[in-house]
Amino acid sequence: MTDATAIATTAGGRTTWERLRSHRDWLGFWFMAPAAAILILFLAYPLGLGVWLSFTDAKIGRPGHFIGLDNYDWLSDDSVFWGSVFFTCFYTLVASSIKFAIGLYLALLLNKNLPFKALLRSIVLIPFVVPTVLSAIAFWWIFDSQFSIISWSLVKLGLIDRYIDFLGNPWNARWCLIFANIWRGVPFVAITLLAGLQTVSPSLYEAATIDGASRWQNFRHITYPLLTPIIAVVMTFSVLFTFTDFQLIWAMTRGGPVNATHLMATLSFQRAILGGSLGEGAAISTAMIPFLLAAIMVSWFGLQKRKWQQGGDND
Amino acid sequence: MASVEIRDVRKAYGATAVIHGVNVDIADGEFVVLVGPSGCGKSTLLRMIAGLENITGGEIRIGGRVVNNVPPKERDIAMVFQNYALYPHMTVYDNMGFSLRLRKADKSEIEKRVSQAAEILGLKALLDRYPRQLSGGQRQRVAMGRAIVRDPQVFLFDEPLSNLDAKLRVAMRTEIKELHQRLKTTTVYVTHDQIEAMTMADKIVVMHDGIVEQIGAPLDLYDRPGNMFVAGFIGSPAMNFIKGKLASNGSGAIFKSDAGLSLPVARAPAASDGKPVVLGVRPEHLVASGEGAAVDVVVVEPMGSETQVVARSGAQDIICLFRDRVMPNPGEAIRIACDPKLVHLFDPESGKTLAA
């Protein structure tokens, strides 16, 4: 059919269709199309829809009307929303910093010649392998107000006389969640940084040692600068994952007590799905975007500054 | 500058001994090359001098001081690594000045010494570049610059030229030798390339399987190898070894190979009549001569300045390097001869050179 149309229209030269088909990028377009379709369908479209929903008053079962920035206006006076923004930032900042510190320490440790090296490395990965919900439930039990093994042990040791209310008190609950997040996130940081450490040629340390560097100076002048590209990537991912965390919170506290441990993600879910206010939930989700963009920008521009690792023979 | 003394040094990794008691004396200002096939322990020995490996037994002295338990940075040595080990995140300037910076030297002092070294090595225009922007030869020079800046007692080179292409290697060889003549710093240089060893060294230490086979000036080793290993290792193409027996003949002796090849020998060891020996003759000492022993030509490789001929006598391949442009055809028989004073005789059992 196509041939027939083509022939029919080729009176005085090649048609646009024919020229398009013979263009060298035509095949390339078709190779790209499936990936592009998946990205558009499952990422760009839901994101766009989410942003659009945040400008409507949609509820479950009722298509919304465009209401402009009313949702955001409403949220700006909502102390629960601002509480969740505070806790999300606090949670991300504290958990990511500690994950980085412990992860780097573990990576440096595992990079040494230890006995049972392979076994130790696998053990470090365990928290990462366990499904999040499973580990969250385990932590829920560990921090349970009546059956907590920590309280039980401390009571048996005679250090305390009453069980600790881990998840019932706002600050206790916050620190417990941060602890659980760190426990779960350290392996990712540690193993990735370990992979980075192993790309550093041992002869650089030898050269630096002969140049007179102490162990600390070896780390400060060789290891750390050579690891910065990996650190930038790992920490970007770590910050993004932590900022958008949902499973851990939802399985352990569901945002409680009294909304003290709501992250923006859990609050959005609660308002949109459980509460039915799709527009408002979407607005909370959309409010996360500037924070995430900022995190990405920081690492992006951080990466660009390193001239020594970029291509090009001359400058 | 300082002398280096290596006294009965041993190295073992667990139960595996890799260096079995090595003794080397390196005089102040001397250029010593440790040479040997891979796995002979030459790099390990160098790393022990540098302090990067522990010494299992024996003693190393630098400038008279025993350094067995002295950390690398206090040994006052500088090392050039095979892969250069340049810090990729530092410019050429910072690479060269790093050791001074660690020692908290003044900025002006660093500036002065780095630019001095850069001047010597022709790196002035490259000081702002990063290692990845440099060619192999330039990186090599930066690695040397890093060593020179420190003005150490001893330079250590660990196969510094093996990552360079053949042409550059020859050029850098000359440069390093010239540098040594200029700075006169004691140098220990490790290589597996005997030509590097021959061309650069004041003194060569030939190592094999963790022991020192022979120590001597380049031409000493070439003219008077102590055993078959040194004879075969020094010189390119390698010396021909032919098994056979000696028969005395008035003033000298006649060597008869198992395949029936006979060559005259100037000095035979006492009471060697009829004894099995190994005759060694260098390819470049063989000449095509009408009165020599007959061999069959297998391959002819003209190189312009000389011609390499692979000939066969029985099952024995004999490599000849002729100065003249002889172009025999493969399969043809030619006659080869050699100055009887230039052949070497070895004991087939021990491999040691037989004294005349």
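The model is predicted: local features need pLDDT of at least 70, side-chain atom pairs count only at pLDDT 80 or more, and totals for chains, interfaces and linings use all residues. Residues are numbered from 1 along each chain as its sequence is written, chains are lettered from A and ligands numbered from 1 in the order in which they are written, and side-chain values use heavy atoms, leaving out hydrogens and water.

Next, select strand 1 (residues 4–13) of chain B, which holds B:Asp8. The phi of B:Asp8 is positive, near 50°, although the residue is not glycine. Most residues other than glycine have a negative phi, and most peptide bonds are trans.

Then display helix 2 (residues 92–102) and helix 3 (residues 107–121) of chain B, which pack at about 135° with axes 10 Å apart. Axes are lines fitted to C-alpha atoms, for helices over the stretch in contact, and angles run from 0 to 180 degrees between N-to-C directions. Helix 2 and helix 3 of chain B are therefore oblique to each other (under 35 degrees is roughly parallel, over 145 roughly antiparallel, 65 to 115 roughly perpendicular, the rest oblique).

Finally, move to helix 11 (residues 215–243) of chain A: a kink of about 50° lies at A:Thr228, shortly before the proline A:Pro229 (the angle between axes fitted to the seven residues ending there and the seven starting there).

Note on methods. Helix = DSSP H or I, 4+ residues; strand = E, 2+ residues; numbered from the N terminus.
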